[in-house]
Structures are given as C-alpha cells and as structure tokens.
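Please look at the structure below before reading on.

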Amino acid sequence: MKNSLVLRAGTLIVFLFALFTACENGVDFIEDGPTASGTKLSTNLSGIVTNENGDPASGVLVSVDGNSAITNAFGIYIFEDIKVNKDRFVVIAKRPGYFDAIKAVTFIKGSKCQYANLNLIVKSLAGNFLSANGGTITMTNGSSLTFPPASIVDASGSLYNGNVNVYAVHINQDTPDFSSKIPGGDLRAKDVSGQDKILETYGMMKTELVGSGGQKLNIAPQKKATINFAIAASQLSSATATIPLWYFDESKALWMEEGIAVKTGNMFTGDVAHFSWWNCDYPMQMSTIQGIVVDCIGNPLGNITVLFNAGLTLTTNSQGQYLAQWPNSVLLSAQVLSSMNPGLNANSNIVQAGPFLVNSTNTIPDLIVPCTTSRIKGVLKDCNGNPVSGFVMITGTQLPMVSYCVLGIIDLQVLPSLPINILAYVRNFSGATSTISGTAGQTVNIGNVTVCDVDQQSTIIINGDGYNNQKFIIDTTSTNTIFSPTQPSTGIIISGYTIPSNKQCLLQIDFCGAGSGVFPLGPTLSCNSDISMILDGVAYYPDDANSTNDFISVMEYGSTNEIIKGTFFTHLARVDTSSGSIPITMSGTFMVPRRH
C-alpha cells in the first residue's frame, strides 16, 4: 500500500429513516477559503447520479478537473481533497447509452465540501437517413432536424457515405423535472460580444450523429442542418418573432451565442453548423444571490436542494450555503421542498427578493426547515482515536444521500421507524457495523465510529486496446463492499495502482447475490451483475453484446470484516473514441475484506 494514500472508514447500520444531514455548525460567507494553488482551490466533492427514472445509477464515470471516480451501487461518487477552479468548476457524468450529464458548480469561499447531483438522459435513437440523400428526423413532440444531401463528415473531415443514426432529445419547460436536466444547470452564457449573461430558456436539443460502424459524425464545413424546436405550451404566448440561438461549450459549461431562430407557429426554427446542445434563449443581465438553509434551531443543512421560481435548482454546500447568478430584473421566490429532498417530511418557508441591481451581490433571507425529527450524533475516529473528517453515506431512503463531516462530527437529522444504512468513509474505505434505534424527538449519541485501514491485493489480465495478455497486480489503496438486501446483491469497489507501470486503477464488481457461487454477467429483471473499470484515466464498461460466457465466481463470502474472495472473466468496451467502441477481455482475481 502507498503510505500517502492510507484509507480508513467505518460502517454504521441505523434503523431510522434519514431526513437530512448537518455536519458542521457556523456559517460565514466571508471566511477565508482553502489554500489556493494558482487558480485552483482544494475541496471535497460528492453527489448522486440518477437515471431517467430518478433511480440511482451505478457504474457512472464522474470526472472533474482531471480527477475521476465511478458511482457505487447507490449512485454516489466521492472526491476527497481535489483541486478545482477557484470560481466555478465543471462535473461530467458519462455512462454508455446516455448523453453526458454536465453540472457547473460555483465555488463558495470557505466551503469544506461542495455537492453536485446529476441526472442522466437516455440516448435514444430518433431516426436515421442515408447521408447521400439527406433527410428529416421528427421527434414525438414535433421537434425535428433536417439534413441536406451529402452533408455529413467523419472525425477526420472526410465525407461520409452510408447510414447516419441520429440520437436526439428535446427538452423544455413542459419536460418533467426539467431543471435537473439542463446542461450546466445554471444557464450561464456569453453573448456574441463576449459579455457574461444568464439565460431564459425556451427549450433545447441535444443531437449526436453516429455512423454504421459506431464512429462519430458531424455536419460538413459550409453545410448547415435545420432544427425545429417545439415551444412549451406555457411559453407560447410570450415567445417573440425571433430568439437568439446558443450552443453548449461542454468544457466550460457555458452557452455561447451563435445565430438566430425564427418563430413559425409553435416552433422556433434555426440553422446550425455543428452539433452539441442547442438552446433558444433570451439573454439577461446578472446579479449574484447567496443564502443559507438551516433547521429550526439554526443548524446549517448541507446537500439540500433549493427550488427557485419553479425552475432553477441549487444545492447547498456542507455549511448549508448556496451561491449563484440570477437575472437581475426577475423577482426571486425560493423554497426547500420535501418532494425534492429524500427523507424530508416538511417544506421550508417561502422567501422572496428582488429585482436586483446589475452586478450586485444580494443575501437572501434564511430558508428554515421545521424540526420534525430525531437526531443522531457521533464522531468519526481513526485507529489511534483521533477525530478524522470524512463522508457519511445514507441509504435506505427514497434516494441515497451523502454528507461530509468536518473533524469527524456526525450530526444527522432523521425520521423514526424505517431502516437506513449509514456508511462512513475516509477516502472511500468502509469498516465495521453496528445497530441502533431511535424515536421522534430523541437525540441518540452513537459515540465513536472507528475507521481503520487494511492492506490487500487483486489481479487483472487484459487483452485488447494495446494490451496483450498483460497482467497487473492492483496495489490496493482502498476497498469498499456494499450490500443491497432487496435483490440481494453485493458491490465491490477496489482502488489502487498497478504493478507494473503504476497506473491508477478503479475496479467495480457487482453480482446478484450475498454468498458464494457462480454469477453470470449481464442484466436481469431485478439486478445487474457486471464489472467496470477505469485504468490510467480510460473507462471500460460492460460489453453486454458479448457477455454470454462472462461470470463472477465467488469462492468465499465471509462475515463482516472477513474475506470476500473470487475470480472473474468479462468482456468490456472503451467507448470514448471517435471510431466507436474498442473491445477488451479481462480476467482476474479479487480478495477484499467484507465491509457491510
């Protein structure tokens, strides 16, 4: 094990229903932030990734400023002590079969942990056409794309001749949970003159063109495609004759002005010369808003979603704070809703403010969540008995949650009666279990949750994508196991560095069982058994089309803190290439301590 990456954690099973977490008291917007390194700051980051049904999405590759992680069985990802842009940074979630989800996070000075929750949109085939002929693709809501003949090129710029698959989605104010699907999340933009703006959106469309061999395609230079954007019924009366068009710069999470769309009936129609997300929006001047969410006795509440004007959503940091840009001329209305926050059973007060002066900074009145819960308190400690900062993951609620506990202080607001699991992490490593119960209005002190490190190794053998029967030992820096009783299923996450080559490796193994046996890989009606991996920054996902003979063989499944041991064989595919997916086969062994 590398001494610089000693990993520790503990697990706690609690028979309660989680409401929300608050791991630090005291809030100061002008508090000095972490030590800066150039334009970067150190912080912690976490969140949950959900799929189109709002369920947790496992095996999602999440990246931010050169760092990467894979979501666990509960859709949760964790980054500890990473460097991010000091003003605003970009979080990207990738999963085969989905469009990339992108969220911009405004860094709050003095923040101990930021949260970014992302929602994936299914990459559905809208239609196809022969490139030589061109064609029109129409979606269910009437939005459409029209391509002229001989207008498609491949990644090298060569004219493409063949079938073009069009993957597209259109979303607007009529789309359920629209605010969580908006790329970037905050509608920040730059107009044609380079001025910063914030947008009022009238709908947006994402399009990806893929050739018959899986290669990425785009519009040829000097050619344009025509997009018809369906206008939401609620916005049709306010839509003007023309509206600016904006494309989404994914690396900056900014909308860039390019072109004009014209209103025709219930559509905005415009021509575009390349494909990404395209958006019909009116630009507005900006002001800054900041505020805090607290409980009835003033404790700040972290990782809470705040709804503004029935549209924009923001997530509080570990100190309960939020910070964002706001259209200065628009009256603001904000509230915390229990329906948007797993476990909450009561809404906060409604606060209103504005309009504001251009470029002004405005503190919004506190949002106060009623105290209708019991409370769990405790301290995370290392093997030497010292308090240690770390994450607490809460499962068993409608949707899993995660909270960062500064100096190890655990302070959880919970509802009684329904069981939850609480797993404590320090650098993604989890440990022993215990059980406790509580009643409404009661404060339960769980004492110290001890988190310790363990050394172990696993192996992999890879063929394909430049590897020829290459064997690596994973010099493990952390492991975690997660159990879901409803399937039942077990998830194993192994992180470390390879011997030889010292490549960073993250291996996730999920199987539909809770004991020894042989588990075929692939999806079932109730559970997925599969394997995914990030090796040296490259993500490999299950290749279900070739998984007929793939398996995980669990030879030993010990009790808590004993060993889970087994072997596997699987087909994976690298999908981040312009020429389509690159297949590999991988076999290996694993031996990890059971942490659930």
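In strand β32, Ala353 is the bridge partner of Leu332. This is a predicted model, in which local features need pLDDT of at least 70, side-chain atom pairs count only at pLDDT 80 or more, and totals for chains, interfaces and linings use all residues. Residues are numbered from 1 along each chain as its sequence is written, and side-chain values use heavy atoms, with hydrogens and water left out.

**Terms**
- Strands (E, at least two residues) are DSSP runs numbered from the N terminus.
- Two strands pair if DSSP finds at least two bridges between them.

**The open sheet**
- The antiparallel pairing of four strands gives an open sheet in the order β29-β28-β31-β32.
- β29 (312–315) and β32 (351–353) each have a single partner strand and stand at the edges, so one side of each lacks a neighbour in the sheet.
- From one strand to the next, the twist averages 25° (axes are lines fitted to C-alpha atoms, and angles run from 0 to 180 degrees between N-to-C directions).
- Three bridges join β31 (residues 332–335) to β32 in the antiparallel sense.

**Strand β8 and its partners**
- Six of the seven residues of β8 (residues 88–94) are buried (under 20% relative accessible area, 1.4 Å probe, protein chains only).
- β5 (residues 61–64) pairs with β8 over three bridges, in the antiparallel sense.
- Opposite Ser63 stands Ile92 in β8.
- With β10 (residues 101–106), β8 forms an antiparallel pair over six bridges.
- Ala104 in β10 stands opposite Val90.

Definitions and conventions. Buried < 20%, exposed > 50% of the residue type's maximum accessible area, 1.4 Å probe, protein only.
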